[in-house]
Amino acid sequence: MSENKDQKFVYDFTEGNRDLKGLLGGKGANLAEMTNLGLPVPPGFTITTEACKVYLDTGDEPAALRDEVSTHLDALEQTMGKRLGQADNPLLVSVRSGAKFSMPGMMDTVLNIGLSDASVAGLAQQAGGDERFAWDSYRRLIQMFGKTVLGVDGELFEEALEEAKRAKNVTVDTDLDAADLKKLVKQFKKIVSREAGRDFPQDPREQMDLAICSVFESWNTDRAKLYRRQERIPGDLGTAVNICSMVFGNLGPDSGTGVAFTRDPASGHQGVYGDYLQNAQGEDVVAGIRNTVPLADLETIDKPSYDQLMQIMETLETHYKDLCDIEFTIERGQLWMLQTRVGKRTAGAAFRIATQLVDQGLIDEAEALQRVNGAQLAQLMFPRFDETAHGKKGSKLLGRGIAASPGAAVGKAVFDSYTAVKWSRSGEKVILIRRETNPDDLDGMIAAEGILTSRGGKTSHAAVVARGMGKTCVCGAEELEVDTKRRRMTVNGTVIEEGDVVSVDGSTGKVYLGEVPVVPSPVVEYFEGRMHAGADDADELVAAVHRIMAYADRVRRLRVRANADNAEDALRARRFGAQGIGLCRTEHMFLGERREMVEKLILADTDDEREEALRTLLPLQKKDFIELFEAMDGLPVTVRLLDPPLHEFLPDITELSVRVALAEARKDHNENDLRLLQAVHKLHEQNPMLGLRGVRLGLVIPGLFAMQVRAIAEAAAERKNAKSDPRAEIMIPLVGTVQELEIVRDEAELVIAEVEAAAGVDLKLSLGTMIELPRAALTAGQIAEAAEFFSFGTNDLTQTVWGFSRDDVEASFFTAYLEKGIFGVSPFETIDRDGVGKLVRDAVEAGRATRPNLKLGVCGEHGGDPESVHFFHEVGLDYVSCSPFRIPVARLEAGRAAAVNAKAAGSDSR
């Protein structure tokens with residue numbers, strides 16, 4: 001990124017506001033907003049994300065940055081009446097990261113910048129002669145600076161701290177006195193000198209400048225990049241740096257630090273939620289290293305500060321019109337606000353809070369729809385534990401912790417991130433068990449089904465990150481003695497070794513040994529029609545989901561259909577809100593006992609044999625379609641004619657070759673197996689995906705598509721004569737040129753006319769095609785002359801555009817592509833807007849230019865992907881189609897896509 005000479009890189013907290021998140025980062029923008037609101041925020045300034053981008057692009061800070069920082073530091077020193085690191089009266093500052101989107105614990109923070117051998121006595125004097133506080137603050141600086149800025153292994157400092165406590169026979173840091181901490185500082189400085197190859201810097205400005213650069217560099221650490229991929233945060237945003245005058249929560253029992261939520265981030269319920277830790281500083285609460293007390297206890301510890309905090313929380317929630325996450329420090333009875341942001345929340349909390357805020361008149365329904373998303377709804381549809389069953393199938397209640405992030409997770413116990421990733425890649429489901437997690441555990445947290453810690457609370461690192469990822473998490477289960485070195489956990493005499501199965505309930509905080517059975521979620525019961533939102537015993541979550549879904553259905557333009565091949569799936573899809581079937585794959589009707597009939601069709605040597613095989617299949621196909629049309633009566637049903645290569649209906653070539661060879665060795669010749677083997681060899685293709693399949697089958701095998709069209713037409717005629725309303729659409733797959741479609745269409749129209757004449761009905765069957773080849777998309781204007789509808793087969797279109805064989809590439813190199821940032825997300829999960837998406841957009845425009853009333857849909861699994869649904873809304877499709885379970889997600893996202901066009905999007909709590 002090039003540097004603009006007139007560009008401003010530093011903003012005082014009094015200059016910004018919450019709308020400048022992209023420039024000042026979320027933390028800096030919100031510190032400025034709280035300052036504007038007149039809340040007690042320690043003075044400071046923010047270095048912009050633009051400065052970070054220059055640093056990351058060039059390897060050096062912008063030329064003007066140092067002078068700008070000096071100007072703002074001078075102003076801060078004048079405001080505070082002391083200079084950075086001044087020996088007799090030191091100003092100390094924190095240097096903290098803050099990107100546009102919250103990335104908890106992923107980037108660097110350093111507290112107490114400005115402390116040195118020369119100023120530690122001055123800090124003690126500021127604290128009324130409290131030498132213990134001063135030396136504790138100094139050892140914290142060396143520890144944080146050594147680890148984050150100089151790259152020293154943090155375990156070395158932890159081991160030295162533990163050794164100091166053992167030497168004094170104490171268990172908590174606060175029992176170490178000033179003399180102990182003074183010795184520890186000397187020990188820490190030796191560790192830095194030995195491990196970093198340089199002494200700990202004594203110049204305060206050098207400390208600050210090095211810390212600023214370290215924060216810039218932390219944007220590109222492995223854990224930060226991994227988190228961004230997980231949360232789909234762009235990698236080019238950069239981070240801001242916040243320089244804030246220090247306030248101290250470690251000055252004694254009248255001081256402390258805490259994290260508060262204006263509502264429960266796990267459930268959405270209103271009340272007092274958060275954690276508080278007396279005589280502690282900054283990161284102690286979030287790190288989860290010491291167990292906190294509930295925020296409500298602050299009322300008895302320091303009622304004036306508690307009352308002021310409650311007023312501020314109400315002010316912030318009303319101002320932001322959302323759940324707020326707040327960090328604060330109390331310094332000798334003075335409350336200071338260190339951060340606020342729109343808080344991360346669980347899926348259930350998101351739906352509850354959105355409807356609560358509507359009821360309070362803070363937001364409208366359109367905004368409520370933007371406060372939830374399809375991924376959260378999908379999470380609510382996962383099963384939960386059947387609490388009545390535990391113990392009956394070998395499970396045993398071990399203990400209970402804090403329900404930090406809901407869900408039901410079962411897996412094998414592992415005690416480090418490396419093992420979690422390794423076992424997960426081998427197909428094992430794992431539960432990551434730690435004393436507490438830290439940012440280096442992120443890859444293991446992603447790999448695990450659930451997370452269990454023995455320390456920390458609802459605002460610990462494990463809890464915050466798990467909620468953001470939608471992972472089941474239980475924290476602060478103090479009964480658990482976690483021994484990571486011996487890879488075991490002990491609970492009241494019961495030993496759980498690595499590999500033992502455990503079950504973690506993030507909704508109740510309960511932890512079980514063994515596998516606990518699961519039951520359907522209440523949200524699925526609601527969609528199935530077995531639970532009614534208005535019933536007296538209705539789950540409040542179900543009521544919230546119902547309200548938001550009802551609004552989404554009212555405002556969405558996109559219709560939602562199902563991919564379903566049988567009546568059972570069709571009926572379930574209809575219960576889930578499907579407005580038709582967008583893809584019925586007829587090949588699924590040829591499996592099982594019918595495979596032999598397909599074999600006869602393939603092996604037919606004469607026209608009579610082939611026609612006999614088709615006559616045998618016709619009534620079976622017809623019966624399938626009758627059941628499907630009955631299940632979807634009054635709704636459209638798009639039936640795709642046979643698509644896959646015929647060899648898929650034949651035995652495996654290797655297995656069949658062995659069978660024939662063994663039979664010949666026994667002189668036991670099987671004529672049918674020999675013919676099958678010849679057919680397999682004849683039909684064998686090097687790349688079947690691009691071979692004899694789709695429309696090509698219909699052109700090469702006489703009568704195949706005609707039989708299917710006849711079965712569809714006769715089934716529709718029978719339903720129509722039964723006073724029903726069948727609405728069949730016949731879809732020809734894998735068309736690459738309009739001539740292919742015209743030949744099949746002409747044949748199909750003759751068959752339909754015959755059936756209509758024989759049955760005496762007007763069927764009004766429409767004929768269209770799948771657009772799943774690049775050439776079809778490029779010639780969509782021509783193809784639309786012969787097609788009444790297009791359905792984009794984005795699975796195959798993605799394969800053919802990228803030149804990927806999905807089954808091969810996902811197992812071979814996709815992981816590497818994701819890790820290297822070539823993909824932000826797999827193009828098979830979310831539509832590739834620039835490549836595949838451009839073809840879709842162009843085909844829509846060309847098709848409708850030829851045929852203005854052309855019906856357009858998508859039937860690849862992208863039809864149920866939240867981000868892709870928004871794209872399909874933008875390009876003007878009429879419907880999306882997806883698997884039955886994803887229909888509610890598609891309905892919700894279709895509503896969100898419509899609402900976001902009508903009104904600017906609301907909070908983004910990433």
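Let's start with an open sheet of 5 strands, which run in the order β8-β7-β6-β9-β10 with antiparallel pairing; two strands count as paired if DSSP finds at least two bridges between them. Strands here are DSSP runs (E, at least two residues) and helices are runs of H or I with at least four residues, both numbered from the N terminus. The sheet ends at β8 (293-294) and β10 (334-342), the edge strands, each of which pairs on one side only. Within the sheet, β6 (residues 256-263) and β9 (residues 324-331) share 6 bridges in the antiparallel sense, and F261 stands opposite D325 in β9. Helix α12 (residues 303-320) packs on this sheet and touches β6, β7 (270-278), β9 and β10, where contact means heavy atoms within 4.5 Å. The direction of α12 makes about 25° with that of β10; such angles run from 0 to 180 degrees between N-to-C directions, with axes fitted to C-alpha atoms, for helices over the stretch in contact.

A word on the model itself: it is predicted, so local features need pLDDT of at least 70 and side-chain atom pairs pLDDT 80 or more, while totals for chains, interfaces and linings use all residues. Residues are numbered from 1 along each chain as its sequence is written, and side-chain values use heavy atoms, leaving out hydrogens and water.

Now look at a helix pair. The axes of α5 (residues 131-148) and α6 (residues 154-168) come within 8 Å and cross at roughly 155°. That makes α5 roughly antiparallel to α6, a label for angles over 145 degrees. On the α5 side the contact involves R139, I142, Q143, G146 and K147, and on the α6 side G154, F157, E158 and L161. These residues divide into 3 nonpolar, 3 polar and 3 charged.

Next, find L76 in helix α3 (residues 65-80). L76 counts as buried because its relative accessibility is 5%, and buried means under 20% relative accessible area (1.4 Å probe, protein chains only). Leaving aside residues up to four places away in sequence, L76 touches P43, G44, F45, L91, V93 and S245. L76 and C244 lie 168 residues apart in sequence, yet their C-alpha atoms are 9.1 Å apart in space.

Finally, turn to strand β31 (residues 879-882), which is covered on both faces: Y879 and S881 on one side and V880 and C882 on the other are all buried. Strand β24 (residues 559-563) pairs with β31 in the parallel sense over 4 bridges, with V880 as the bridge partner of V560. Strand β30 (residues 855-858) also pairs with β31 in the parallel sense, over 2 bridges.

Definitions and conventions. Parallel < 35°, antiparallel > 145°, perpendicular 65-115°, else oblique. Nonpolar A, V, L, I, M, F, W, Y, C, P; charged D, E, K, R; others polar. Buried < 20%, exposed > 50% of the residue type's maximum accessible area, 1.4 Å probe, protein only.
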